[in-house]
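These are my notebook entries on a structure that I had not examined before. I record below what I looked up, entry by entry.

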Amino acid sequence: MIEKSLAQATKLYNDVDLHVYVQDLYGKRLMKKFKLSPDAYIQMALQLAHYRDSGHFNLTYEASMTRLFRDGRTETVRSCSIESSAWVKAMEDPTVSREECVRLLRAACDYHQLQYRDAMSGKGIDRHLFCLYVLSKFLNLDSPFLHQVLQEPWKLSTSQTPTIYDDKRLSRFLAEKPQMAEKVGLTRLKCISSAGGGFGPVAADGYGVSYIIASEDLIFFHISSNKSSPETDSTRFGQRIKQAMEDMRELL
């Protein structure tokens, strides 16, 4: 059983196509200067990049925390919306004015923020749908609607990951173990920033994108896909993200 499990794990591992894109041309400092939410801004960049990569719009998952509630874990923010799609199509249409593209981008970001707040406060839809699915199984009821809506593939799965560690813990470590801190090069740091990690794609022909806003001017994107999929390429998608970020800065 161990050998069988190892073979399966090795097969999965060898199929992972991972690319880490470091966005250091600008970061959340400039996004806030544009008076836009950094998370919404990055999500719109991912929508533009994914449309250019695949040629069409796809169901997109962004994780939102529900820590306001006891035992709360996550809810889904559906980043691909009517508003985001209207902006992406405008960006790809040379006849649409710059002013209209900016207006549509701000509207898309505002709607994304509304979705995020709704998800955090228990007004999301996906956990509700999952609960109905569990109940339908418990009651042995067949629901064509639930079967269809829960089978739709998430071609783009995304999540923002925290990366700054507790300053007080670092200070305590520096005080208690100065020799070790000197050895690993931490003595001159006030905080620790890491490139972190990511996760795999949810769909066999999709992408998993974890992004980490490491500082005011630094963002890490971990892009994963399956090598066995002819439709995806993590390095190519990283270049799409880079171009989308550059185009948005130029637009604003």
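How many of the nine residues of strand E6 (residues 218-226) are buried? Before answering, I note the basis of the entries. I am working from a predicted model, in which local features need pLDDT of at least 70 and side-chain atom pairs count only at pLDDT 80 or more, while totals for chains, interfaces and linings use all residues. Residues are numbered from 1 along each chain as its sequence is written, and side-chain values use heavy atoms, with hydrogens and water left out.

Entry on strand E6. I found that eight of its nine residues are buried, so the rest of the structure largely encloses E6. Buried here means under 20% relative accessible area, exposed means over 50%, and partly exposed lies in between (1.4 Å probe, protein chains only). Helices (H or I, at least four residues) and strands (E, at least two) are DSSP runs, numbered from the N terminus.

Entry on the partners of E6. I looked up pairing, which requires that DSSP finds at least two bridges between two strands. Strand E1 (residues 16-23) pairs with E6 in the antiparallel sense over eight bridges, and leucine 18 has serine 224 in E6 as its bridge partner. Strand E5 (residues 207-215) is also antiparallel to E6, over seven bridges. Serine 215 is bridged to leucine 218 of E6, and two residues separate E5 and E6 in a hairpin.

Entry on asparagine 58. Leaving aside neighbours within four places in sequence, I list His50, Cys80 and Lys155 as in contact with asparagine 58 (heavy atoms within 4.5 Å).

Entry on positive phi. Most residues other than glycine have a negative phi. Lysine 35, although not a glycine, has a positive phi of about 65°. I located lysine 35 in the loop between helix H2 (28-33) and helix H3 (38-54), and it is exposed at 71% relative accessible area. Aspartate 71 likewise has a positive phi, near 65°. Aspartate 71 sits in the loop between strand E2 (60-65) and strand E3 (74-78), and at 69% relative accessibility it counts as exposed.
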